[in-house]
Amino acid sequence: MKMEKRINRHLDSLFAGTQHTREHQELKEEIRSNLTARIEDYLEKGMDEEQAFQTAVQHMDGMEQFMSDYRSVKRVPYWTALLQSTLIYSLAAWIVTIPMRMMLEGAALNNTFLLVSLIVGAVYGFYLLSSRQREVSNEQSTIRIHMPLLRQWQRRAWWLWAAAVLAIWGTQAALRFGSNVWFSRPIQVDGPYQLAVLLFAFAVPLLSIMIPLVVHRAYRNVSKYEVGDEI
């Protein structure tokens, strides 16, 4: 039986007899995300599918765990993974913008992402050094995360990003083509350089996707580094 089908059957059994409400659907999707993340983690640690599924189910303390507003996670691995993901996203943005250096604005944007990568890398390195001392002293500190608030901001981040991108695209389209449309003139692009400038203006807002991605990673890392996840 495929793992996805098995997870669906487990979720159906958990919610058997409950009403099909929006809150229950959201809770069901949260449990599915948590279960999937745990199973993937256990598979990476060498378990077979059966053992990974059973262990993930056993480590879930039932519906009450998901009804709880707060989750305790291991501080060091949680922040280390989040900083690592942020560094990867900023480096990816820096690499993607390298071809844009043929334009003045592209060079400034590429330099900005390089600076962001250096700052995030420095923070990441400093945090690794400072957390090593805690590991030596065997200090297992945890943090409590308010899941409803984080889940809310995870959704808001995506909606705000989509709204910002659409607003910038609309502004760019109005500034560049508004008069042509208004006076019923054909829209023309004079040469490859003008085309590159046009594509640059519409592509740059997409690079801000690293912001909702970081928030999304912060949410997903909770289930991965939740206290009591040791096997």
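**View 1. Helices H7 and H8 side by side.** In this predicted model, Trp 169, Gln 172, Ala 173, Arg 176 and Phe 177 of H7 meet Val 197, Leu 198, Ala 201 and Phe 202 of H8; a contact here means heavy atoms within 4.5 Å. Sorted by class, the H7–H8 contact has 7 nonpolar, 1 polar and 1 charged residues. Nonpolar takes in Ala, Val, Leu, Ile, Met, Phe, Trp, Tyr, Cys and Pro, charged covers Asp, Glu, Lys and Arg, and the others, Gly among them, are polar. Two packed helices are described by the angle between their axes and the distance between the axes. For H7 (residues 147-182) and H8 (residues 191-203), the axes come within 9 Å and cross at roughly 150°. That makes H7 roughly antiparallel to H8, a label for angles over 145 degrees. The axes are lines fitted to C-alpha atoms over the stretch in contact, with angles running from 0 to 180 degrees between N-to-C directions.

**View 2. The whole protein.** There are 9 helices and 2 strands, and along the sequence they follow the pattern α-α-α-α-β-α-α-β-α-α-α. Both kinds of element are DSSP runs, numbered from the N terminus: helices are H or I with at least four residues, strands are E with at least two. Of the 231 residues, 35% are buried, meaning under 20% relative accessible area with a 1.4 Å probe, protein chains only.

**View 3. The largest nonpolar core.** This core has 13 residues, and Val 73, Tyr 78, Ile 143, Ile 145, Met 147, Leu 150 and Val 222 touch the most other members. Such a core is a set of buried Ala, Val, Leu, Ile, Met, Phe, Trp, Tyr and Cys residues joined through side-chain atoms within 4.5 Å. Helix H5 (75-96), strand S2 (142-146), H7 and helix H9 (210-224) each give two or more residues to this core. H9 gives the most, with 4 residues. Another core, of 12 residues, lies apart from it, and includes Met 3, Ile 39, Met 47 and Ala 56.

View 4. Arg 151 sits in helix H7. Buried or exposed? Arg 151 is buried, with a relative accessible area of 18%. Leaving out residues up to four places away in sequence, Arg 151 touches Glu 30 and Tyr 219.

**Notes.** Residues are numbered from 1 along each chain as its sequence is written, and side-chain values use heavy atoms, leaving out hydrogens and water. As this is a predicted model, local features need pLDDT of at least 70 and side-chain atom pairs count only at pLDDT 80 or more, while totals for chains, interfaces and linings use all residues.

Terms used: Angles under 35 degrees count as roughly parallel, over 145 as roughly antiparallel, 65 to 115 as roughly perpendicular and the rest as oblique. Buried means under 20% relative accessible area, exposed over 50%, partly exposed in between (1.4 Å probe, protein chains only).
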